Every structure is written in C-alpha cells, then in structure tokens.
Amino acid sequence: MFVYMLLMGLSVGFGSAILAALQVEFFGKKYIGSVRSLFTSMMVLSSAVGPALYGIILDAGWGWEVVLPVNLAILLPIILQSFRAMPRFTRAKWKFKYKRIKARWNNQ
C-alpha cells in the first residue's frame, strides 16, 4: 500500500507540473488562462458524466466484456489524433535529437 501511495503521489505531482508546462508550450502565455479554464471545465464535466454514463450502460445489460473493447476502440483513435496536436517543430527537434543519440550509440 505504501508503494502504491508513493507512486500515486509522484504521478499526480509530476502530472500537474507537466500539464501546465505543456499547455504553455502548445498554446502560449497569452492564452494560458482561457486554455486552463477550458481544460478544467472539460475535466469537471467528464468526471460528472462518466460514472452516470457507465451506470446507464451497465444497467442496460451490457457487460464489461462489451464495454471494455468498445472503450478501447474509441480510445485508440483519440490517442492517435492527440499526436497531431504536437507542433511540427517539436517533432523535428526530437528527430534530430534521437538521430544524434543513435549515431553516438552506433559509433561506440
């Protein structure tokens, strides 16, 4: 239990710091207030609607053997589309950085 609580605390602590840094990187300092308020509103709405929606689905007679694959089928395109949100210059920097690291490993 202690290991779980430690890792959960690290996850929440790093997650909020990383989220704030990425929002500033993607949207800029000028719009950070409106972006953070939109993200917070979406989080509150989804945390309110999610349990009710799952309750309705499970009460309708669908079991987890149906709900889980449907969730995975919905989540996969969302994950793939989220990669389109990254600016191209960031991907170019990553490619350059990892080419240098790969070249360094190959030369050793």
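Reply: Let us begin with the residue after α1: this is Gly28, and its phi is positive, near 85°. The model is a predicted one.

Me: Which residue takes a positive phi just after α2?

Reply: That residue is Gly61, with a phi of about 105°.

Me: How many helices and strands are there in the chain?

Reply: The chain has four helices and zero strands, and from the N terminus its elements run α-α-α-α.

Me: What span does α1 reach from its first C-alpha to its last?

Reply: An α-helix has 3.6 residues a turn, so residues three or four places apart point the same way. Helix α1, residues 2–27, reaches 37 Å with its 26 residues, close to the 38 Å expected at 1.5 Å a residue. Helix α2, residues 32–59, has 28 residues and spans 40 Å, close to the expected 40 Å.

Me: Where does α2 bend?

Reply: The bend in α2 is at Val49 and amounts to about 25°. A proline, Pro51, follows within four residues.

Me: How is the packing of two helices described?

Reply: Two packed helices are described by the angle between their axes and the distance between the axes. Here α1 and α2 pack at about 125°, and their axes lie 10 Å apart. The two helices, α1 and α2, are therefore oblique to each other. The crossing of α1 and α2 is right-handed.

Me: What percentage of the residues in the chain is buried?

Reply: Buried residues account for 7% of the 108 residues. The chain's accessible surface comes to about 9,600 Å², and 73% of that belongs to carbon and sulfur atoms.

Key. Residues are numbered from 1 along each chain as its sequence is written. This is a predicted model: local features need pLDDT of at least 70, side-chain atom pairs count only at pLDDT 80 or more; totals for chains, interfaces and linings use all residues. Side-chain values use heavy atoms; hydrogens and water are left out. The expected span of a helix is 1.5 Å times one less than its number of residues. Buried means under 20% relative accessible area, exposed over 50%, partly exposed in between (1.4 Å probe, protein chains only). Accessible areas come from the Shrake-Rupley method with a 1.4 Å probe; for residues, only the protein chains shown count as cover. The bend at a residue is the angle between axes fitted to the seven residues ending there and the seven starting there. Axes are lines fitted to C-alpha atoms, for helices over the stretch in contact, and angles run from 0 to 180 degrees between N-to-C directions. Angles under 35 degrees count as roughly parallel, over 145 as roughly antiparallel, 65 to 115 as roughly perpendicular and the rest as oblique. A crossing is left-handed if the near helix is turned anticlockwise from the far one by less than a right angle, and right-handed if clockwise.
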